[in-house]
Amino acid sequence: MAHFCILNDSNEVTAVNVIADSDCLDGDGNESEAVGIAFCESLFGADTYKQTSYNETFRKNYGCIGATYDASKNAFIPIKPWNSWVLDETTCKWKAPVDYPVDENVYMWNEETTSWDVIE
């Protein structure tokens, strides 16, 4: 299955449409984003579409509703989970200002203290 995001004027994902892989094949049988976009336009109307990968094999992250497409990075940026987190420019994922502890405990982010709290 192929996944195509609909983007609004701010490049925010407003919907994700799933179509058959066969609906993305060009005349030579090769997968083509342009063919998939044309198919989506024929079914759902003219919008701005970008293909996304459920397995994150391209465009860095899956383009879920609320994510933003960054054309300069050719990547989908997920929703920022906390105000203190910063974007990792390489992975285009949000990163806590403090690394997740590496031990046997399970932690939850505490935005008030900008630290990881052990879950009891």
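Visitor: Which residues form a nonpolar patch on the surface?
Guide: Y100, V106, M108 and I119 do, with about 390 Å² of accessible area together. This is a predicted model, where local features need pLDDT of at least 70 and side-chain atom pairs count only at pLDDT 80 or more, while totals for chains, interfaces and linings use all residues. Residues are numbered from 1 along each chain as its sequence is written, and side-chain values use heavy atoms, without hydrogens and water.

Visitor: Where is I119 placed?
Guide: In the segment after β9 (115-118). I119 counts as partly exposed, at 43% relative accessibility (buried is under 20%, exposed over 50%, partly exposed in between, with a 1.4 Å probe and protein chains only).

Visitor: Switching to the inside: what makes up the largest nonpolar core?
Guide: Eight residues: A2, F4, I6, I19, C24, I37, C40 and Y49.

Visitor: What does I6 touch?
Guide: Leaving out residues up to four places away in sequence, I6 touches E12, V13, T14, A15, N17, D47, T48 and Y49 (contact means heavy atoms within 4.5 Å). A second, separate core of six residues includes C5, L7, Y69 and F76.

Visitor: And T52, buried or exposed?
Guide: T52 is buried, at 3% relative accessible area, and lies in strand β3 (residues 48-52). Beyond four places in sequence, its contacts include H3, C5, F58 and F76.

Visitor: How far is the backbone nitrogen of G63 from a polar atom of the T52 side chain?
Guide: 2.7 Å.

Definitions and conventions
Core = buried A, V, L, I, M, F, W, Y, C linked by side-chain atoms within 4.5 Å. Helix = DSSP H or I, 4+ residues; strand = E, 2+ residues; numbered from the N terminus. Polar contact = N/O pair within 3.5 Å; in protein donor to acceptor, adjacent residues only side chain to side chain. Patch = residues over 30% accessible without salt bridge, like charges linked within 9 Å, V, L, I, M, F, W, Y side chains within 5 Å. Areas by Shrake-Rupley, 256 points an atom, 1.4 Å probe, with all protein chains shown as cover. Salt bridge = Lys/Arg side-chain N within 4 Å of Asp/Glu carboxyl O.
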